[in-house]
Amino acid sequence: RFPWARLSDDSGNQLELSLLLDEAGDSGAAWLVSMPAGQPKLPGPLEADLYVALGQLYNTQVPVEERGLRRVVQTTIGELAAAAGRKRGGTTYTAIRTGLERLQDVAIRRVRTHAGGAVRADEERFHLLERVRYRHLRGGDGDATGVEITLSDGLTESIVRGEYRLLNTTDYFR
């Protein structure tokens, strides 16, 4: 339900993506996905893979009954690379850090119109990620970079409302 990734680099330096959804009667919905000035373009394939991997980790780590209360995913850069179907290593880790920063900058504006009632339209704007925090860890298997990713209120509220689609991540990453 969040069409924020272009999934290809053949559209030039696109900074906005719009999706209009028509429903019965005068009701409908529109999504506008944007990046702040200074960003070269909307997120691409790596960020889409990171987003799917974050969703998978969130579903694994947070029980259904706590999804409105807990918004944090804890992992390491190496585990996130593996979950996103990427090889572990220095250039991948740098790309993941850059990808998480880009995901943090993604803004979604949702407009929903209604055919009847006192409210003609609802509009809200939110980001996908609220915070990304890195911790450089020492361990028995060598050093690792832990990452704590806080999903935004808007994103977790939509999960609680059921506005998401489950993916078969095995097929997706294949």
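**Strands, helices and contacts**

Guide: This is a predicted model. Strand β2 (residues 28-34) and strand β4 (residues 107-113) run antiparallel and are joined by 7 bridges.

Visitor: Which residue in β4 is the bridge partner of tryptophan 31?

Guide: The partner of tryptophan 31 is arginine 110.

Visitor: And how many bridges does β4 have with β5?

Guide: β4 and β5 are paired over 7 bridges, in the antiparallel sense. Within that pairing, valine 111 has glutamate 123 of β5 as its bridge partner.

Visitor: Let me step back. How many helices and strands does the protein chain have?

Guide: The protein chain has 5 helices and 7 strands. Along the sequence they follow the pattern β-β-α-β-α-α-β-β-β-β-α-α.

Visitor: What share of the residues is buried?

Guide: Of the 174 residues in the protein chain, 40% are buried. The accessible surface comes to about 10,200 Å², and carbon and sulfur atoms hold 48% of that surface.

Visitor: What about contacts between residues 24 or more positions apart?

Guide: Such pairs account for 60% of the contacts in the protein chain that have a separation of 6 or more.

Visitor: Back to strands, then. What is the strand order in the open sheet of 3 strands?

Guide: The order is β3-β7-β6, with antiparallel pairing. β3 and β6 are the edge strands, each pairing on one side only. From one strand to the next, the twist averages 15°.

Visitor: How many bridges join β3 to β7?

Guide: Strand β3 (residues 72-76) is joined to β7 by 5 bridges. One of the pairs there is valine 73 with isoleucine 149 of β7.

Visitor: And how many are there between β6 and β7?

Guide: Strand β6 (residues 129-137) pairs with β7 over 8 bridges, in the antiparallel sense. Leucine 129 has leucine 151 of β7 as its bridge partner, while leucine 137 is partnered by alanine 144 of β7.

Visitor: Why is β7 described as largely enclosed?

Guide: β7 is largely enclosed by the rest of the structure because 7 of its 8 residues are buried.

Visitor: Take threonine 150 in that strand. Buried or exposed?

Guide: Threonine 150, which has its place in β7, has a relative accessibility of 5% and therefore counts as buried, the cut-off being under 20%. Leaving aside neighbours within four places in sequence, threonine 150 is in contact with Arg71, Val72, Leu129, Glu130 and Arg131.

Visitor: Which strands does α1 lie across?

Guide: Helix α1 lies across β3, β6 and β7, and runs at about 110° to β3. Helix α3 also packs on the sheet, where it touches β6 and β7; the direction of α3 makes about 155° with that of β6.

Visitor: At what angle do α1 and α3 pack?

Guide: Helix α1 (residues 45-61) and helix α3 (residues 90-105) pack at about 80°, and their axes are 9 Å apart. At that angle, α1 is roughly perpendicular to α3.

Visitor: Which residues make the contact?

Guide: From α1 the contributors are Leu46, Glu47, Leu50, Tyr51 and Leu54. From α3 they are Ala95, Ile96, Gly99, Leu100, Arg102 and Leu103. By class, this contact has 8 nonpolar, 1 polar and 2 charged residues.

Visitor: Moving on to α4, which of its residues are buried?

Guide: In helix α4 (residues 153-160), the buried residues are Gly154, Leu155, Thr156, Ser158 and Ile159. Their cover includes α1, β5 (121-127) and β7 (144-151).

Visitor: What follows α4?

Guide: Glycine 162 follows α4, and the phi of this glycine is positive, near 85°.

Visitor: What does tyrosine 172 touch?

Guide: Not counting residues up to four places away in sequence, tyrosine 172 touches Ala48, Asp49, Val52 and Leu167. The C-alpha atoms of tyrosine 172 and alanine 84 are separated by 9.8 Å, although these residues are 88 residues apart along the chain.

Terms used: Residues numbered from 1 in each chain as written. Predicted model: local features only at pLDDT ≥ 70, side-chain atom pairs only at ≥ 80, totals over all residues. Heavy atoms only, no water. Axes fitted to C-alpha atoms, helices over the stretch in contact; angles between N-to-C directions. Helix = DSSP H or I, 4+ residues; strand = E, 2+ residues; numbered from the N terminus. Parallel < 35°, antiparallel > 145°, perpendicular 65-115°, else oblique. Contact = heavy atoms within 4.5 Å. Nonpolar A, V, L, I, M, F, W, Y, C, P; charged D, E, K, R; others polar. Buried < 20%, exposed > 50% of the residue type's maximum accessible area, 1.4 Å probe, protein only. Areas by Shrake-Rupley, 256 points an atom, 1.4 Å probe, with all protein chains shown as cover. Pairing = 2+ DSSP bridges.
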